[in-house]
Amino acid sequence: MRVRAARAADDAAFASFEHGLDLKEPWADEVAEMIDTLWAWRSSTVPEARLQDRCVIVAEEAGRIVAVLAHQLLLAESGQPYARHRYIRLVAVNARHRRDGYAASLMEHVLDELQQSGVVTVSWLVHPANQASYLFCEAMFGAVAETTQPADEKPYLRYVVTLAP
Ligand SMILES: CC(C)(COP(=O)(O)OP(=O)(O)OC[C@H]1O[C@@H](n2cnc3c(N)ncnc32)[C@H](O)[C@@H]1OP(=O)(O)O)[C@@H](O)C(=O)NCCC(=O)NCCS
């Protein structure tokens, strides 16, 4: 597996990413849309995007993208980013490559890099009905994450992980 930052030429691969989602599920549309528009999100020039320092990372196998991960800074009401914190917006693996450890490896790779760059905490949201995502998070981080269900995010669960110093 080769991990690298996304580039403009990946746009077509994102648009045709085999997400395998059942779009009848209430949470799935949003995930499919996030994958489809990854490059537009990453390359947006709105002021908020610059402050958020949007990052898209891809994992390749034999030159083909098998997994994607997007992360960003979160902005406080003042508009300033929270220091030493990153929000993981999306992790997705090509439907034909699920349960091969790609999401786990990509997450570990990115969390390592973030930790080395001085990030202390990482958070993300999980829809509890997104079974694969929920079970992935529980298997990988259930023992170490702080999990809450904030009223303003319901029904999403928020995971917060403190990175080892
Ligand atoms: C969630 C997702 C990223 C997991 O990717 P993956 O590469 O299949 O996950 P991994 O192979 O790294 O799984 C690691 C562990 O998580 C758990 N896990 C992952 N998917 C699971 C599933 N469908 N059912 C049960 N456990 C699961 C297992 O413990 C697994 O280890 P094991 O295979 O040795 O039992 C993938 O299912 C996906 O892309 N879903 C669609 C996109 C999405 O909804 N993303 C989340 C919202 S942003």
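Reader: Which residues of helix 6 (residues 131–141) are buried?
Author: Ser133, Phe136 and Cys137 are the buried ones. A residue is buried if 20 or more other C-beta atoms lie within 10 Å of its own, exposed if 12 or fewer, and partly exposed in between, with C-beta atoms placed from the backbone. This is a predicted model, where local features need pLDDT of at least 70, side-chain atom pairs count only at pLDDT 80 or more, and totals for chains, interfaces and linings use all residues. Residues are numbered from 1 along each chain as its sequence is written. Helices (H or I, at least four residues) and strands (E, at least two) are DSSP runs, numbered from the N terminus.

Reader: Why do the buried residues of helix 6 line one face?
Author: Down the axis of helix 6, they fall within an arc of 95°, so they line one face of the helix. The arc is that of the directions from the helix axis to the C-beta atoms. On the other side, Gln131, Leu135 and Ala139 are exposed.

Reader: What do the buried residues of helix 6 pack against?
Author: Helix 5, strand 5 and strand 7 (157–162). Contact here requires C-beta atoms, placed from the backbone, within 7 Å.

Reader: OK, the ligand. Which residues come nearest?
Author: Of the 21 residues around the ligand, the nearest are Arg98, Ala103, Ala104, Ala132 and Ala139. A residue is near a molecule if its C-beta atom, placed from the backbone, lies within 6 Å of it. Strand 4, helix 5 and helix 6 are the elements that give two or more residues to this shell.

Reader: Which element gives the most to the shell?
Author: Helix 6, with 6 residues.

Reader: New topic: how do strand 4 and strand 5 pair, parallel or antiparallel?
Author: Strand 4 and strand 5 (residues 121–126) are parallel, over 3 bridges. Two strands pair if DSSP finds at least two bridges between them. Arg86 has Val122 in strand 5 as its bridge partner.

Reader: And strand 3 with strand 4, which sense?
Author: Strand 3 (residues 64–72) and strand 4 (residues 85–93) run antiparallel, joined by 6 bridges. Leu69 stands opposite Val91 in strand 4.

Reader: Last one: which peptide bond is cis?
Author: The one from Lys154 to Pro155, with omega near 5°. Pro155 sits in the loop between strand 6 (146–148) and strand 7. In general, most peptide bonds are trans.

Notes:
Contact = placed C-beta atoms within 7 Å.
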